[in-house]
Amino acid sequence: ETLEQMQDRGPAALAMAARQHLKVHPHDPRALRQLADALAMQNDHAGETAALVGLLDAVPEEEQPEVLRRICDSGGAGALTTLRRTLLAERFKETDPECAIQILATVVSSQVDDPQRPEAILALAGLERSREPERAARLLQELQEAYPLHPTVELARKRGWI
C-alpha cells in the first residue's frame with residue numbers, strides 16, 4: 001500500500017519506499033520490480049540492474065525469462081557471470097528460445113578468453129540453425145577459427161554442423 005502511494009509521488013519516493021520495504025522483506029518480487037522501475041526512470045542503470053538481478057532470484061522460473069530479457073535490454077547482462085548466463089540459456093532453450101538466444105549472444109560477445117564462450121557459440125549456433133542458418137554458419141566458423149582444439153569443435157563435427 002505504501003509502495004503504491006509512493007508511486008504517485010514519483011520515482012525517487014518509490015525507490016526510497018521500496019528500499020525500506022526490502023530491508024524487512026529482501027526477496028519481495030513486487031518491491032524489487034518497483035525498485036527496478038523507479039531506478040530505470042531515474043536513469044540509474046547500475047541500480048536497476050542490481051534490482052533486476054535480485055528479482056531474477058526472487059521470481060518463479062516461469063517469470064525469469066522476462067526479467068532476463070530486461071537485464072539484457074538494459075545492458076546489464078555483465079552483472080551475471082557468463083557461467084550463470086550459459087546455464088540460464090540452457091534452462092530456457094526449449095520453453096523460451098528467444099530469451100536463450102539473447103542471453104547466449106551476451107556470452108558470445110564477451111572476452112575471447114572467457115571459458116564459457118566456446119560452449120555459448122555452439123549452443124547459439126544450434127538454436128540459430130533453423131532460424132538463421134547464415135548466422136549459425138558464421139558462428140561455427142568463428143568457433144573453428146578461435147578455438148580449433150576445443151572439444152566443442154569436435155562436438156560440432158560429430159553433429160554434422162561443420
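Helix α8 gives the most to the lining of the largest pocket, supplying six residues. The model described here is predicted.

**The largest pocket**

The volume of the largest pocket is about 260 Å³. It is lined by 13 residues, and the closest to the pocket centre are Glu90, Lys93, Glu119, Leu122 and Ala123. Two helices, α6 (82–92) and α8 (117–128), each supply at least two residues of this lining. The lining of the largest pocket can also be divided by class, as the table shows.

| Class of lining residue | Number in the largest pocket |
|---|---|
| Nonpolar | seven residues |

**Helices α2 and α3**

Two packed helices are described by the angle between their axes and the distance between the axes. For helix α2 (residues 11–24) and helix α3 (residues 29–41), the axes come within 8 Å and cross at roughly 150 degrees. Angles over 145 degrees count as roughly antiparallel, and α2 and α3 are therefore roughly antiparallel to each other. The crossing in which α2 passes α3 is left-handed.

Which residues in α2 meet α3? On the α2 side they are Pro11, Leu14, Ala15, Ala18, Arg19, His21 and Leu22. On the α3 side, the residues met are Ala31, Leu32, Gln34, Leu35, Ala38, Leu39 and Met41. By class, the residues of this contact of α2 with α3 comprise 11 nonpolar, two polar and one charged.

Methods. Residues numbered from 1 in each chain as written. Predicted model: local features only at pLDDT ≥ 70, side-chain atom pairs only at ≥ 80, totals over all residues. Heavy atoms only, no water. Axes fitted to C-alpha atoms, helices over the stretch in contact; angles between N-to-C directions. Helix = DSSP H or I, 4+ residues; strand = E, 2+ residues; numbered from the N terminus. Parallel < 35°, antiparallel > 145°, perpendicular 65-115°, else oblique. Left-handed = near helix turned anticlockwise from the far one by under 90°. Contact = heavy atoms within 4.5 Å. Nonpolar A, V, L, I, M, F, W, Y, C, P; charged D, E, K, R; others polar. 1 Å grid on protein atoms, 1.4 Å probe; cavity = no way out; pocket = protein on both sides within 12 Å on 5 of 7 lines; lining within 4 Å. Points joined across faces, edges and corners; volume = space filled by probe spheres on them.
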